[in-house]
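Please look over the chain shown below before reading on.

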Amino acid sequence: MVMRTYGLSGSGLDIDQMVKDLMKARRVSYDKLWQKKTQLEYKKADYNTMYTALQDFRNNTVFNYKLQSTLMPKKVSSTVESTVTAAANADAANVTHDISVTQLAEGARLTSAGSISLPSAPKDSLSTQFGLAADTYEITIKNGTASATIQVDTSKSIYEFVSSINNAGIGIKANYDATLDRFFLYTTGSGANVGIDFSDTADPDGLDFINNTLKLETTSTGKDAQFNLDGINLAQAANTFTVSGVTYNLKALGSARIVVSSDNDQAVAAVKSFISSYNALLEKINGELKEEKYSDYLPLTSDQKNEMKDSEITAWETKAKSGMLRHDSILQDALLKIRSDISTPLSGLAGNYNSLSSIGVTTGNYAEGGKLYLDETKLKKALEEDPDLISKLFSTGSDMRAQQGVAVRLYDTLKTSLDKIVTVGGYSSTVDDDTSSSLAKQIKRYETDLDKLNDRLQDIEDRYYKQFDAMETALNRINQQSSWLLQQFSGSSS
């Protein structure tokens with residue numbers, strides 16, 4: 001450790017300030033290197049922001065527009081909604097279906113035939129509630145192919161017996177209503193394949209407990225829904241089911257007509273939603289590409305911040321971070337290809353509509369950077385002529401790029417752009433988990449150089465203090481010698 005012996009000579013020099021002033025010039029090179037590193041960190045953070053924006057658009061917008069469910073919405077009406085309601089997916093044909101319901105699907109149920117407890121009997125155990133001797137029975141309960149063996153311990157309560165059935169995992173639930181004094185069993189599913197069946201119970205006392213104590217029948221079976229659809233008699237295990245893309249929900253016995261048609265209003269809304277998301281992405285990309293770069297506003301060092309107000313620091317750093325991706329080649333290439341994917345017609349597509357512009361999706365003036373606008377009247381007219389055209393324009397798949405739909409093209413284009421960003425800027429805004437991107441490598445090289453330079457500066461600072469310490473020591477020695485000489489001369493003259 002350097003010994004700093006200031007003031008012994010009476011020189012009156014502020015050594016700390018002198019060393020600080022000398023080091024200020026020496027630290028210029030360090031600060032410049034630190035500012036370059038910080039600018040790369042700003043750039044890496046901006047790349048990460050753009051990566052997130054492109055990835056969100058690809059995963060949450062473009063992917064959905066490769067799906068027919070987004071591009072071919074259907075609307076369904078029922079002439080008697082109290083009997084049947086319905087919904088349709090993109091696979092459903094635009095036709096009318098006639099349905100007549102003759103039986104609703106039901107689960108199996110068993111209910112006590114009457115009150116089951118002894119009058120005024122406590123319900124702390126099966127013994128006291130039903131007047132049973134202390135004993136343990138076994139009952140076997142089945143539901144279709146699933147079965148379970150339940151222990152009936154008369155020292156336990158009826159509520160514990162209920163829990164043992166409910167926890168058996170065979171799709172049968174039990175309940176005891178103390179007010180009605182009845183025991184209830186029901187299946188969680190419906191249809192002819194479900195049931196409640198105690199007939200495999202080998203213990204006669206167990207079966208007697210079911211039949212005579214709980215007053216339950218031995219078996220009960222569920223029912224299938226029975227209906228005629230477009231002239232064909234059918235059955236389903238549940239009241240909600242899907243046939244040819246149409247999901248029916250049976251509510252009551254009776255007949256109804258189901259009309260499936262294209263939901264053009266929803267299709268228009270889907271196109272508008274895509275345009276909104278697309279324009280937001282383009283605005284973000286164009287904003288980064290055109291953002292002003294202020295070359296004179298370098299990242300502030302700690303010493304510089306100490307001399308500024310908070311508001312001044314904020315204003316300065318806003319300009320220092322601006323323009324990191326101005327004219328960036330990756331974003332320019334992405335923007336060019338994205339706009340090309342939107343504007344290029346699909347080759348081989350029959351009919352009058354083979355591009356987004358043909359259905360009313362066009363760009364504004366050049367200064368708007370590719371912003372899209374929609375002519376709803378033109379789109380609605382096109383949908384009336386061809387209800388499937390949005391699906392064709394967005395989701396058509398092909399090995400030939402020229403024949404691919406807009407969303408299919410965009411999905412691949414965005415993947416390429418994302419990969420390029422990762423190569424340069426990585427997946428994150430920091431270098432903590434990034435060891436491969438080119439910016440992360442540059443930043444880490446700067447960090448290594450800064451550490452080495454900081455060590456050299458520390459050595460220089462220590463050397464300055466040693467030199468001043470030596471000067472102070474020498475001056476102090478001279479002062480002591482002068483005092484001794486004066487004393488000697490004073491003694492000789494006397």
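This is a predicted model: local features need pLDDT of at least 70, side-chain atom pairs count only at pLDDT 80 or more; totals for chains, interfaces and linings use all residues.

Residues are numbered from 1 along each chain as its sequence is written, and side-chain values use heavy atoms, with hydrogens and water left out.

**The whole chain**

- The chain has 14 helices and 17 strands; these are DSSP runs numbered from the N terminus, with helices (H or I) of at least four residues and strands (E) of at least two.
- With a radius of gyration of 42 Å, well over the 23 Å that the globule rule gives for 494 residues, the chain is more spread out than a compact globule. The radius is taken over C-alpha atoms, and the rule is 2.2 Å times the number of residues to the power 0.38.
- Taken along the principal axes, the box filled by the C-alpha atoms is roughly 140 × 80 × 40 Å.
- Of the 494 residues, 38% count as buried (buried is under 20% relative accessible area, exposed over 50% and partly exposed in between, with a 1.4 Å probe and protein chains only).
- Among contacts between residues at least 6 apart in sequence, 69% join residues at least 24 apart; a contact means heavy atoms within 4.5 Å.

**Helix packing**

- Helix H7 (residues 264–290) packs against helix H10 (residues 329–343) at an angle of about 155°, and their axes are 10 Å apart. That makes H7 roughly antiparallel to H10 (angles under 35 degrees count as roughly parallel, over 145 as roughly antiparallel, 65 to 115 as roughly perpendicular and the rest as oblique).
- Axes here are lines fitted to C-alpha atoms, for helices over the stretch in contact, and angles run from 0 to 180 degrees between N-to-C directions.
- The contact includes Phe-274, Tyr-278 and Leu-281 of H7 and Leu-331, Gln-332 and Leu-335 of H10. Its residues divide into ten nonpolar, two polar and two charged (Ala, Val, Leu, Ile, Met, Phe, Trp, Tyr, Cys and Pro count as nonpolar, Asp, Glu, Lys and Arg as charged, and the others, Gly among them, as polar).
- H10 also meets helix H13 (residues 406–425): their axes come within 9 Å and cross at roughly 175°. That makes H10 roughly antiparallel to H13.
- Among the residues that meet are Ile-330, Asp-333 and Lys-337 in H10 and Val-406, Arg-409 and Ser-417 in H13. The residues of this contact divide into ten nonpolar, three polar and five charged.

**Single residues**

- Ser-127 is found in helix H4 (residues 126–130) and is buried, with a relative accessible area of 18%. Beyond four places away in sequence, Ser-127 touches Leu-132, Ala-133, Ala-134, Thr-154 and Ser-155.
- Asn-89 sits in the loop between strand S2 (84–88) and strand S3 (96–103), and counts as partly exposed at 33% relative accessibility. Leaving aside neighbours within four places in sequence, Asn-89 is in contact with Lys-74 and Gly-245.

**Positive phi values**

- Most residues other than glycine have a negative phi.
- Asp-230, in the loop between strand S11 (225–229) and strand S12 (232–236), has a positive phi near 55°. Asp-230 is partly exposed, at 40% relative accessible area.
- Ser-244, in the loop between strand S13 (240–243) and strand S14 (246–250), has a positive phi near 50°. Ser-244 counts as exposed, at 59% relative accessibility.
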